[in-house]
Amino acid sequence: MTVPVRYYCPHCGAIVTLERDANLADKSVTADPLDGWRYADAYDDFEDSDGVQIVCGASETDEDGCGELYYLNFVKFEDGQELDPHVPLRPEDAPNFDFRT
């Protein structure tokens, strides 16, 4: 059974709607791919992949988009254990410590 599911672009907030299997478990939506995850395109059969690579503004997007790539990540298991991905830290997300007094 497929259901429409909506996601926000982490770059500009545009909304994309994907028709997907209701049994898939979402992990996250990220601006960068997760290490070790295999991504399918949004217009391909993505049920057997680890996630979906989405182009903001493509036909799945409900409004004008920014054209940037972002990633829908599904929950991934290995040997019955949920994998916790290493998420690369983007420079704009890094902590900014100022130790000057």
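Ground rules. Residues are numbered from 1 along each chain as its sequence is written, and side-chain values use heavy atoms, with hydrogens and water left out. Because the model is predicted, local features need pLDDT of at least 70 and side-chain atom pairs count only at pLDDT 80 or more, while totals for chains, interfaces and linings use all residues.

Start with the sheet. Four strands form an open sheet, ordered E3-E6-E5-E4, with mixed pairing. Strands here are DSSP runs of E, at least two residues, numbered from the N terminus. Pairing takes at least two DSSP bridges between two strands. E3 (26–30) and E4 (39–41) sit at the edges; each has a single partner strand, so one side of each lacks a neighbour in the sheet. Twist averages 25° from one strand to the next, with axes fitted to C-alpha atoms and angles from 0 to 180 degrees between N-to-C directions.

Inside that order, E5 (51–55) and E6 (69–74) run antiparallel over five bridges. Val55 faces Leu69 in E6.

Now the hairpin. E1 (2–8) and E2 (15–21) pair antiparallel over seven bridges. Thr2 has Asp21 in E2 as its bridge partner. Six residues lie between the two strands, and Gly13 in the turn has a positive phi of about 90°.

Last, the core. The largest nonpolar core holds 16 residues. That means buried Ala, Val, Leu, Ile, Met, Phe, Trp, Tyr and Cys joined through side-chain atoms within 4.5 Å; buried is under 20% relative accessible area with a 1.4 Å probe, protein chains only. Leu18, Val52, Ile54 and Leu72 have the most contacts inside this core. E6 gives the most, three residues.

Conventions:
Buried means under 20% relative accessible area, exposed over 50%, partly exposed in between (1.4 Å probe, protein chains only).
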